[in-house]
Amino acid sequence: QPTPTDIPLFTPVPQASGTTKLLMRVHWSQPYYNDFQTIISDYNATQGVQDKTYIALERFVANQAGPIATFIADYQAGTQEDVYHLDDNYFPDLASRKFFQAPPKEIQDYIKQNFLEKCVQSGIWENQVMGYPTENQPHILFVNKALLKEAGIDVVAQPPKSWDDLRRMAKAATKKDGSGQKTQAGWITPFGYTGYGQRVISQRVLWQFMAGSPLVDTSGPVPKWDVTSDAARQWTEFLYNIHKVDGSGSQDIGGDDVVWFQRKGAMITHDAYGLVFRVVRRGPPGLLEEQHAIPIMSPDGSKTGNTSRNYHFLVSQKSKYPELAWKFSRWMNEGPDFRMQKFQTEQFGFVPSVKNYPMPSVYPEQIKTAFTESLKQPNQTLFPVVKGVPRAVTIMGDKHDALVLGQLNPKEFTEQLDTELKAAMKESYDSL
């Protein structure tokens with residue numbers, strides 16, 4: 001195979017005289033960087049001239065010490081961006097260091113009025129809305145209705161009504177060849193790739209919440225990760241049973257980053273972005289049409305709900321031109337055009353953070369409806385807004401691997417995870 005040719009960077013429009021340059025960095029590689037640069041160039045050539053502002057776009061690349069260390073080093077050196085597009089993973093650790101300045105009250109009020117409540121909450125620090133949520137990553141159970149039908153299950157006509165039903169369906173959809181080698185998993189699991197620990201937390205945030213307990217208790221001065229309650233144990237035991245006891249998991253053939261798009265698994269619980277990133281972009285023809293979405297339910301199926309995880313537009317505390325930065329942010333994020341929302345929804349298939357904004361056009365109607373209805377339910381939670389999340393991501397991922405591989409039983413998993421998360425919180429908050 002020939003080596004792919006690198007896509008050249010889009011040439012931005014030149015800076016107009018009399019404008020002030022502001023720096024923004026984004027993490028996207030090609031071709032998405034170029035697509036976003038097109039929007040930035042449109043601003044620079046039109047509204048930016050009126051605002052006397054020029055946005056210089058660069059790609060954020062973390063150094064070997066990781067993203068947070070890179071953000072801190074840039075900030076200390078005075079080379080930080082004026083406008084951040086920041087993963088909420090990093091928001092609390094940086095907000096606690098006073099990295100960002102809150103927008104004017106009228107912008108905070110606009111955000112509260114026009115964006116989904118949990119998306120807004122994920123960007124609040126010290127009781128202030130710090131910026132625009134640019135997307136939403138709710139969670140849902142994607143099932144391959146064709147693979148389940150091959151196993152004798154019509155999931156559309158008879159959807160699962162409990163976690164026990166999910167175990168039964170996953171077991172029925174698991175296949176092995178004549179030598180006993182698994183060829184199809186009933187349950188696809190995040191496993192063994194960069195960043196999968198965040199998927200593990202996203203799953204537990206919602207499934208544990210639906211079982212009756214939030215993952216993190218933020219009522220005290222030091223947040224407490226709950227992995228020991230009855231609700232936490234229910235999710236832990238479900239994972240152990242479906243992987244180790246039933247043998248229905250994908251851990252022995254691969255993680256969701258490969259099994260899903262290779263059509264080797266029947267069910268997966270995943271953030272919304274997975275439909276485009278795993279199925280549309282990488283899957284074979286027809287795989288999208290085989291997908292069917294089911295809202296995450298409580299163990300007995302009596303209720304459903306959803307969660308939220310985001311990125312935010314934020315302005316640096318060190319920016320010399322905050323008024324210009326917020327003017328640009330308004331142009332990008334507010335109606336009627338909602339330029340950033342449109343980019344996130346149509347480029348990446350992210351569910352909108354803007355109230356009543358259309359679902360991604362690539363979604364089949366059934367999946368649009370499943371997300372819409374699940375987000376209307378009263379049972380809504382959000383990804384933890386606490387310091388130390390990057391460390392927790394690593395811990396959760398490592399322990400998840402050990403659990404689904406059967407290296408730890410639920411009791412050992414719970415004890416070790418609880419101990420390590422407490423230590424991580426102590427280190428992050430420097431307090432017992």
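Predicted model: local features only at pLDDT ≥ 70, side-chain atom pairs only at ≥ 80, totals over all residues.
Is Phe115 buried or exposed? Its relative accessibility is 1%, and because anything under 20% is classed as buried, Phe115 counts as buried. If we set aside the neighbours within four places in sequence, the contacts of Phe115 include Tyr110, Val120, Tyr132 and Pro133, and also Asn333, Ser353, Val354 and Lys355. Ala424, by comparison, is 309 residues from Phe115 in sequence, and their C-alpha atoms are 32 Å apart in space.

Turning now to the strands, strand 1 (residues 20-26) and strand 2 run parallel and are joined by seven bridges, with Met24 standing opposite Leu57 of strand 2. Strand 2 itself, which spans residues 53-59, is mostly covered, since five of its seven residues are buried.

There is also an open sheet of five strands, in which the order is 9-10-13-8-14 and the pairing is mixed. Its edges are formed by strand 9 (175-176) and strand 14 (291-294), each of which pairs on one side only. Within this sheet, strand 10 (residues 182-187) runs parallel to strand 13 (residues 265-271), and two bridges join them; here Trp187 stands opposite Met267 in strand 13. Which helix packs on the sheet? That is helix 9 (residues 196-211), which touches strand 8 (139-144), strand 10 and strand 13, and whose direction makes an angle of about 85° with that of strand 13.

Terms used: Residues numbered from 1 in each chain as written. Heavy atoms only, no water. Pairing = 2+ DSSP bridges. Helix = DSSP H or I, 4+ residues; strand = E, 2+ residues; numbered from the N terminus. Contact = heavy atoms within 4.5 Å. Axes fitted to C-alpha atoms, helices over the stretch in contact; angles between N-to-C directions. Buried < 20%, exposed > 50% of the residue type's maximum accessible area, 1.4 Å probe, protein only.
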